[in-house]
Amino acid sequence: MKVSQVMTPNVVKISPEESVSVAARALAHYNIGALPVCGEDGRLCGVVTDRDLVTRCVASNRKPEQTKIREVMTGHVLSVRPDMDTSAAAHLMGRKQIRRLPVVDGGKLCGMISLGDLAKVEQTSYDAGDALAQISDNLSVRDERLLEEPNKNK
């Protein structure tokens, strides 16, 4: 099965020049966790997540209405092509600890694919579960390391 068969094609996106407050309202309104960031030409230039808004803006005492998306977004973003096999996309998500990926064709955003999209389809639900297991395993290993870090200094 191909990514184009599972992806969400009509994606809410945001400009890098918009404010963090506009992004936060869009995330809340559409009940989503990430927005692809696209230039005027439709080319993908980053992704901004709800976590980015909190950690890079709010927690840093920046004003959301005055902070631009370009200042808090993740600029280097992995993406997949619409003709990529869904199992390869799921494997990439698991390996890279990513729950959603932009789908890009010719440099332009044409959709998003998430673990949730993969889980909804019977043929790809096993791949989604496998990717989520990889992500969870890696998160627990990372959490264990964080807990061990304070003990190293004693």
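Strands E3 and E4 form a hairpin with two residues between them, and Gly106 in the turn has a positive phi of about 65°. Strands here are DSSP runs (E, at least two residues), and helices are DSSP runs (H or I, at least four residues), both numbered from the N terminus. The model is predicted: local features need pLDDT of at least 70, side-chain atom pairs count only at pLDDT 80 or more, and totals for chains, interfaces and linings use all residues. Residues are numbered from 1 along each chain as its sequence is written, and side-chain values use heavy atoms, leaving out hydrogens and water.

E3 covers residues 100–105 and E4 residues 108–114; the two pair in the antiparallel sense over six bridges. Pairing requires that DSSP finds at least two bridges between the strands. Leu101 stands opposite Ile113 in E4.

Helix H4 spans residues 86–96, and its buried residues include Ala89, Leu92 and Met93. Just after H4, Gln97 has a positive phi of about 65°.

Val12 lies in the segment before helix H1 (20–30). Beyond its neighbours within four places in sequence, Val12 is in contact (heavy atoms within 4.5 Å) with Tyr30, Ile32, Leu35 and Pro36. The C-alpha atoms of Val12 and Ala26 are 8.2 Å apart, with 14 residues separating them along the chain.

The table lists relative accessible areas, where buried means under 20%, exposed over 50% and partly exposed in between (1.4 Å probe, protein chains only).

| Residue | Relative accessible area | Class |
|---|---|---|
| Cys57 | 0% | buried |
| Cys110 | 24% | partly exposed |
| Val12 | 26% | partly exposed |

The whole structure has zero disulfides, a disulfide being a pair of cysteine sulfur atoms within 2.5 Å.
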